[in-house]
Amino acid sequence: MNLSLLLAAEQKSQDVTDWAARIGWVVGLLLVIALVYWLMREGWKWRGTLQGDLPELPQAPSGPGEPQLEMSGRYHGSTTAGQWLDRIVAHGLGTRSRVELTLTDQGVSVVRPGAQDFFIPAAELRGARLDKGIAGKVLAEGGLLVITWQLGEKLIDSGFRSDHAAEHPAWVDALSSLTHTDQSDQNNPSNQTEGAER
């Protein structure tokens, strides 16, 4: 009988939980998470400060022209051209969001609910391609429309994903055509002569 009492007492002591130690572990874990979040936020601000020399984002003209293509989807971010992990955060370019793209003869209108809208003038377009990743976001092969454009002295890649990925090739073709047309106009001797006469 004494043996059964000892076993019962031992079983009862195993049920006791050290709540102070558990609470200490939880508080410690929450502090580590808060520290990591704070460091990430400070790193984001620091990157934005380093990119402070970027000019303001162009805004759409009052009469942008007749839409050639329209697309709804997601904006996944912008990076230095050719460097898919070198994220650009200045002027809100690092903020992922929903997006409405409209292509006209004058350029690409980028409307982002909850984030800063901007406009890519046709003269600043440098190309377009299908890719699978940008700014740390990796998708299926060809799942991303990447538009390369010039902002001040910096060449930028901006990544977009349509709600209907089948639309991407048409955008690449149209943007490439607009880019080639614009470059041809710039290289046209008659245009250069006209500019020289002014």
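**Salt bridges in a predicted model**

The count of salt bridges in this predicted model comes to 5, where a bridge requires a side-chain nitrogen of Lys or Arg within 4 Å of a carboxyl oxygen of Asp or Glu. Side chains of opposite charge can pair when their charged atoms come close.

**Exercise 1.** Find which residue forms a salt bridge with D163, and state which parts of the chain the pair ties together.

Solution. 
- Step 1. The partner of D163 is R98, and their closest N and O atoms are 2.8 Å apart.
- Step 2. D163 sits in the loop between β10 (154-162) and α3 (168-187), while R98 belongs to strand β3 (residues 97-104), so the pair ties together parts that are 65 residues apart in sequence.
- Step 3. The relative accessibility of D163 is 41%, and R98 has a relative accessible area of 35%.

**Exercise 2.** Describe the salt bridge of D157 and R129, then decide for each residue whether it is buried or partly exposed.

Solution. 
- Step 1. The side chains of D157 and R129 meet at 3.2 Å, N to O.
- Step 2. D157 is in strand β10 and R129 in strand β6 (residues 125-131), so this bridge ties together parts that are 28 residues apart in sequence.
- Step 3. With a relative accessible area of 3%, D157 is buried, since buried means under 20%.
- Step 4. R129 has a relative accessible area of 32% and is partly exposed.
- Step 5. A network of salt bridges links R129, D131 and D157.

**Exercise 3.** Classify K132 and E141, which form a salt bridge, by their relative accessible area.

Solution. 
- Step 1. The closest N and O atoms of K132 and E141 are 4.0 Å apart.
- Step 2. K132 has a relative accessible area of 40%, so K132 is partly exposed.
- Step 3. E141 has 63% and is exposed, because exposed means over 50%.

How values were computed:
Residues numbered from 1 in each chain as written. Predicted model: local features only at pLDDT ≥ 70, side-chain atom pairs only at ≥ 80, totals over all residues. Heavy atoms only, no water. Helix = DSSP H or I, 4+ residues; strand = E, 2+ residues; numbered from the N terminus. Buried < 20%, exposed > 50% of the residue type's maximum accessible area, 1.4 Å probe, protein only.
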